[in-house]
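Student: I would like to go through the aromatic residues of a model. May we begin with how well one of them is covered?

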Amino acid sequence: MNATVAPQIHALRAALSDHVLMGKIVDVFYAKMLDDYRINRFFFTRPAAEQADALKAYLKAYFNSFNSADERVLEALDGYFTAAFARTNAKPSLVTGNDFAFLLDIVGGQEIRSITLLTPAHSFLIKLGPEDFHYDIVMEHLAASLKQLNIAEDLAYQILALAEKGRDGLLARGVEVKKAA
């Protein structure tokens, strides 16, 4: 875990151990994000509740883990990215409902999954051209959500500071996140 982020994470863990509060923040924040024409094009058309639930699962795993590279955290992050951003051009088979189901039989029923860097695995999102302008909008929505829910100023500041640390990674300028070996 990054040494500059670790103290914030530990302080936020205690404050956000109330999963009801975290859920309210995510629900309000997500509604604002999906309602904003300037950024909603980045999100997939899955139901908002499905996307928000995946984000809640990721945050719960993240704040309950002492290692951000923990397999459960990475799986929850992958689940959120899939729910919120993944797009597919595959058309389901009329027979199986999945054009690639036969591959599971070939490899003995195991899911085919290569270990990849997070940013390249979701490179289509970067192709949509997110910029600092878009991240600023996200931060505005997060700040407005925290204010709307009357979150204490010091806690809101910590949440916003932590969210700001994700800017370079999300905009594909930072260090890429790898799955644990």
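Tutor: Tyr-58 counts as buried, at 16% relative accessibility; buried means under 20% relative accessible area, exposed over 50% and partly exposed in between, with a 1.4 Å probe and protein chains only. Please note that this is a predicted model, in which local features need pLDDT of at least 70, side-chain atom pairs count only at pLDDT 80 or more, and totals for chains, interfaces and linings use all residues. Residues are numbered from 1 along each chain as its sequence is written, and side-chain values use heavy atoms, with hydrogens and water left out.

Student: Is Tyr-62 buried or exposed?

Tutor: Tyr-62 is buried, at 15% relative accessibility. Tyr-58 and Tyr-62 both lie in helix 3, four residues apart, about one turn of the helix. Helices (H or I, at least four residues) and strands (E, at least two) are DSSP runs, numbered from the N terminus.

Student: New topic: how many aromatic pairs are there?

Tutor: The count is three. Rings of Phe, Tyr and Trp (its six-membered ring) pair if their centres lie within 6.5 Å; planes under 30 degrees apart count as stacked, over 60 as edge-to-face and the rest as tilted.

Student: How are Tyr-30 and Phe-43 arranged?

Tutor: Their ring centres are 5.6 Å apart and their planes stand at 70°, so the pair is edge-to-face. Tyr-30 lies in helix 2 (residues 19-35) and Phe-43 in the loop between helix 2 and helix 3 (48-64), so the pair ties together parts 13 residues apart in sequence.

Student: Which residues form one aromatic cluster?

Tutor: Tyr-30, Phe-43 and Tyr-80 do.
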